[in-house]
Amino acid sequence: MDRLKELVERVIPGKKENKLNKLDEAHLARQIRLAESSDPGVRKRAATEMAKLPSDEAGEALVKLVKDRDPEVRAAAAYSIRDIAGKARVPVTPVMDALQLEQADSPALFPLVGALRALGPGVAAERVVAEKLGWGMSRAKQAKIDQMIVLRETAAELTPHPVEVGPPFDAIFEQLTNEDPDIRAEAKDILAENRYVTRRLWSIYNELMEQEPRRAMLAGRVIGHRLNPRGLPKVKSEVTMHKVGVPIAFVKCACPYCGHENPNIPVPSPGLDVPYRGTRDRQGTAFTLPVLCDFCGSWFYIGFERDPRMPE
Ligand SMILES: [Zn+2]
């Protein structure tokens, strides 16, 4: 019933009322009081609880909490804002101000980006973060430019001879987890463009899923990038079978930290029809795979409601 109501409200704009029932209203009033506590743990729990109480009042309370003196509280408030953004009114400016003030290494930095993406100005939020962290090429430091050049030079060493694919391949593959998203993207482009490495990527994906799932998933995402450079939300395994002779399906999933939509995540083929979401832990999911976010570089899980490898 709630889902239906939510759907109707989404389809008929202006029909939103952002009101809670009496019980939830009392619960929210209590959380708003707890948000004033001197104990940061209590304030954090209150901020988290407000995600379940989407209303304009919760929105007001949460934009106060993104200015909290404790970064964990600010992060929790940002996560909750992202959750209620489509269902309640949340003032955008205080959230953008909070992001501007956030330190580069703060745990609240990417959650605030996620909140702003959900509220609208995601591109502006990304720009603020790129500036803070020295990402982007226009004002890149010499060391970063040098690193990019070395990557391209290494790429030239990739040849059809399997023996020689070894060291240059490994050096480039290593950079898929570089802390700078531009370098990660460059490494991904290089490997995706090079047809000599597809077989190697497939064997990593296929053989390492049990022992080194992160490495396997990185390889699978490069294959996805090769096949689907524009990042369409779903790619069926028949398509990959036809194009590169390997059967993997791909989906797109939003990062639970920064909200970035990550395309080309390799999943078992039936996974295309099972509901999933990006999660920070494995709770409440039947099957998870690790994913490295293209934007913020956090490892998160894509979590499925039921195990897509099992028949229904
Ligand atoms: Zn992210």
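## Basis of the description

Residues are numbered from 1 along each chain as its sequence is written. Because the model is predicted, local features need pLDDT of at least 70 and side-chain atom pairs count only at pLDDT 80 or more, while totals for chains, interfaces and linings use all residues.

Helices (H or I, at least four residues) and strands (E, at least two) are DSSP runs, numbered from the N terminus. Strand β5 covers residues 287–292, and β6 covers residues 299–304. These strands run antiparallel and are joined by six bridges; two strands pair if DSSP finds at least two bridges between them. P290 has Y301 as its bridge partner in β6. Six residues lie between the strands of this hairpin, and G297 in the turn has a positive phi of about 75°.

In a regular strand the side chains alternate between the two faces of the sheet. A residue is buried if 20 or more other C-beta atoms, placed from the backbone, lie within 10 Å of its own.

## The three-stranded sheet

An open sheet has the order β1-β2-β3, with antiparallel pairing. Its edge strands, β1 (234–235) and β3 (261–267), each pair on one side only. Two bridges link β1 to β2 (residues 249–254), and V235 stands opposite F250 in β2.

## A buried lysine

K188 lies in helix α11 (residues 181–193). K188 counts as buried because it has 22 C-beta neighbours inside 10 Å.

Notes. Buried ≥ 20, exposed ≤ 12 C-beta atoms within 10 Å, placed from the backbone.
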